[in-house]
Amino acid sequence: MTVPELYQTDLFRPTYRPYQGERWEMRIAPMCICGGYWSDALLVLDMAALMRWHGDEKRTWMSMTPMEIESQEIGCRFASGNTIVMGLGMGWAAANAALNPAVTEVTVVEFDPEVIGLVESMGVFAQLPPEVTAKLRVLQGDATAYVPDRPVETLLADIWLPLNGDDRIEQVKRMRANTGATRVYYWGQEMSIARRARTLGVELDVSTVARIVDEIGLPLIGPAEMADYPERVARAARRWLKDA
Ligand SMILES: C[S@@+](CC[C@H](N)C(=O)[O-])C[C@H]1O[C@@H](n2cnc3c(N)ncnc32)[C@H](O)[C@@H]1O
């Protein structure tokens with residue numbers, strides 16, 4: 001058996017600690033092997049995971065696995081200007097968007113006050129350089145209804161539990177209309193693109209991805225920024241595409 005490589009990233013991974021609250025729990029796994037979004041299985045050390053109770057069932061909403069990080073990193077790396085992050089979770093995407101020098105400010109809209117308190121109590125944003133922390137603010141509210149008081153450049157949306165979801169494009173369009181964002185990255189957008197390609201019976205390449213993104217009708221970050229975006233979509237889809 002080959003031992004998977006150690007997962008490493010230049011992106012910021014905050015230090016988290018175990019937490020047990022009313023609805024949410026944070027756990028730290030000392031070592032695990034996890035498949036990435038487009039990477040092969042990797043060894044991850046001190047992997048933090050945020051879980052929420054749904055009735056009798058506990059589900060993972062966010063974690064420091066390569067899958068979660070790779071599936072959001074394009075948005076963080078290419079965000080710019082005034083940026084809105086829908087869904088706080090572990091604060092990872094918000095922190096990494098704020099670390100991007102092209103981003104001037106980050107407003108996070110989060111539904112659940114317990115999550116806001118959890119991220120605050122773990123000092124997630126306080127672990128950043130002060131000038132980066134100063135870019136961040138968290139508001140309690142509904143991401144699908146939030147209307148900012150100033151123009152927004154980038155919308156990063158991740159409010160969902162499953163990666164695949166058939167009403168996602170409509171929800172993101174509502175957020176985009178509310179915020180007026182000129183650039184958008186949403187969690188699972190690669191699945192939307194790959195699903196449409198499958199329906200159309202076309203291979204994923206630069207022109208089919210451009211056509212599908214045009215049809216989706218959102219100014220998606222990815223195709224123009226990453227030369228290998230179609231290959232990444234295809235690789236992620238082979239692992240993660242499910243019927244919505
Ligand atoms: C998957 S987590 C976000 C993870 C985050 N991207 C990160 O980097 O840690 C989704 C978050 O969205 C929140 N959420 C779900 N529905 C929401 C809504 N309608 N408005 C605002 N927040 C919402 C959840 O409470 C949860 O904190």
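Author: A surface patch is made of residues with over 30% relative accessible area and no salt bridge, with like charges joined within 9 Å and nonpolar side chains (Val, Leu, Ile, Met, Phe, Trp, Tyr) joined within 5 Å. A salt bridge is a side-chain nitrogen of Lys or Arg within 4 Å of a carboxyl oxygen of Asp or Glu. This is a predicted model, in which local features need pLDDT of at least 70 and side-chain atom pairs pLDDT 80 or more, while totals for chains, interfaces and linings use all residues. Residues are numbered from 1 along each chain as its sequence is written, and side-chain values use heavy atoms, without hydrogens and water.

Reader: Which residues form a nonpolar patch on the surface?

Author: Leu-6, Met-31 and Leu-45 do, with about 280 Å² of accessible area together (Shrake-Rupley method, 1.4 Å probe, only the protein chains shown counting as cover for residues). Leu-45 belongs to strand β3, residues 42–54 (helices, H or I, of at least four residues and strands, E, of at least two are DSSP runs numbered from the N terminus). Leu-45 has a relative accessible area of 37%, so it is partly exposed (buried is under 20%, exposed over 50%, partly exposed in between; 1.4 Å probe, protein chains only).

Reader: Which residue has a positive phi although it is not a glycine?

Author: Most residues other than glycine have a negative phi. Asp-46, however, has a phi of about 50°. Asp-46 is also found in strand β3, and it counts as exposed because its relative accessibility is 55%.

Reader: How many residues line the largest pocket?

Author: Rolling a probe the size of a water molecule over the atoms shows where empty space is left. The lining of the largest pocket has 36 residues, of which Gly-87, Leu-88, Glu-110, Asp-158 and Ile-159 lie nearest its centre (on a 1 Å grid over the protein atoms alone, a pocket is an open set of points where a 1.4 Å probe fits, with protein on both sides within 12 Å along at least five of seven lines; lining residues have an atom within 4 Å of a point). Among the elements that give two or more residues to this lining are β3, α2 (92–99) and β6 (103–110). Helix α1 gives the most, with four residues.

Reader: Why is α2 largely enclosed by the rest of the structure?

Author: Helix α2 is largely enclosed because seven of its eight residues are buried. Those buried in α2 include Trp-92, Asn-96 and Ala-98.

Reader: Which residues lie nearest the centre of the second largest pocket?

Author: They are Met-67, Glu-68, Leu-161, Trp-187 and Trp-240, from a lining of 13 residues. Strand β4 gives the most to this lining, with three residues.
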